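The sequence and structure are shown first.

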Amino acid sequence: MTGTTATGLPDPTSPRTPGDAALVATVDLQAIRHNIDILRGYAGDAAVMAVVKADGYGHGAAAVARAALSAGAAELGVATIEEGLTLRADGVRATVTSWLHGPGADFAAAINADIGVSVSSPRQVRDIVAAAEATGRTAAVNIKVDTGLARNGVAPGDWADVRDAIAKAVAAESITLRTVFCHLALADQPDHPHNDLQATRLDEACADLEHVGVAVPMRHLSNSAATIARPDLARDLVRPGIAVYGLSPIPENSTYGLTPAMTLTAQVSHIKKIAAGQGVSYGHTWSAQRDTTIALLPIGYADGLPRLLSGRFDVAINGRRYPGIGRICMDQCLVDLGTNEIGDIAVGDRAVIFGRSDRGEPTATEIADAIGTIDYEIVSGVRGRTIRHYRDGDGPGGEVS
Ligand SMILES: *Cc1c(COP(=O)(O)O)cnc(C)c1O
């Protein structure tokens, strides 16, 4: 056991084995390596940046980073400088690029820790140049261009200012330009012409920089969906996130051979018989149609199981599916075991909340679809009392920590 919760807090009641823990997110590092392998195949000659923002989409950034790098990922991507610093504190030495900076961003800390930063505005160029001068070191800078997502990135009206400020800072050797990139708005519709428009605008921005004498060593725009479905957009580097974790980035399509890395299980903590007509959980939104047996699971919305999912999910216990019933509460929820006539479910057995479809388990994607969201939100939302545990492979002997 790692002895920490998914939020990174020490777990005072850390059990001796994950089988004893009430709520465990098991992350299979072999699945991460397998997924990187698949993504490298799609990337062709382009390098792979594994995106490990939001604590590795809830899987643990440092462990995922190490597994991804060992499988041939060239570098790492995070949203914030703080996420990059956390990777460094965990001993990760690879190239790390961050791209989301507020007005209080600690660019000096990023420069000192060799974390790449990305500019989205003229102000950020000024702040990074000032931080480079203050630290006496050269900052590795990326330019994030808003080519049509209209979120982060240099707006068209700021482009000339940013371009000229970058040219000046490169000439003064306070920064080196590492990459120029953008993020796609409609990558999950791979054939949408907007993807091509964004690629063209990125190429134009790079040509414009080269026109004023600034060399662009690398350019990139592909997230998971584009990496898989639009290899023609790859340029020098691809930036997959969700596919690293084994979830398909393109709705209602194939799994592309990806393996989901996270399996979330809860220990059956109580089993009881209830009589026909008995209402269950707050509001009695579900009532037994017949005498039945119900099981209590110690997972609720404070652990990342959305309350909206009440009555709309199944769990797998000992290889069979059982429906969730009644309201999901803050700390617990219930499933209907039916007559449990086989009597094959006992207190202490583990219920799979989501895992892998090839094992007959519900998936994070299935849960997301049931409530109209995306699996990104389900896996990155696992929290609360969940303990994270790593395995290496599916079989016996895969225990890591
Ligand atoms: C999150 C993120 C990615 C990864 O996106 P996925 O859809 O998870 O592959 C890539 N690039 C940027 C800029 C991001 O913010």
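Helices (H or I, at least four residues) are DSSP runs, numbered from the N terminus. Axes are lines fitted to C-alpha atoms, for helices over the stretch in contact, and angles run from 0 to 180 degrees between N-to-C directions. The model is predicted: local features need pLDDT of at least 70, side-chain atom pairs count only at pLDDT 80 or more, and totals for chains, interfaces and linings use all residues. Residues are numbered from 1 along each chain as its sequence is written, and side-chain values use heavy atoms, with hydrogens and water left out.

**Helix packing**

- Helix α6 (residues 122-135) and helix α7 (residues 159-171) have axes that come within 9 Å and cross at roughly 15°.
- This angle makes α6 roughly parallel to α7, a label for angles under 35 degrees.
- Contact (heavy atoms within 4.5 Å) involves Pro-122, Val-125 and Val-129 of α6, together with Asp-161, Val-162, Ala-165, Ile-166 and Ala-169 of α7.
- Of the residues in the contact of α6 with α7, 7 are nonpolar, none is polar and 1 is charged; Ala, Val, Leu, Ile, Met, Phe, Trp, Tyr, Cys and Pro count as nonpolar, Asp, Glu, Lys and Arg as charged, and the others, Gly among them, as polar.

**Cysteines**

- The count of disulfides (pairs of cysteine sulfur atoms within 2.5 Å) is 0.
- The closest cysteine sulfur to that of Cys-206 is in Cys-182, at 8.9 Å, too far for a bond.
- For Cys-333, the closest cysteine sulfur is in Cys-329, at 8.1 Å, also too far for a bond.

Note on methods. Helix = DSSP H or I, 4+ residues; strand = E, 2+ residues; numbered from the N terminus. Parallel < 35°, antiparallel > 145°, perpendicular 65-115°, else oblique.
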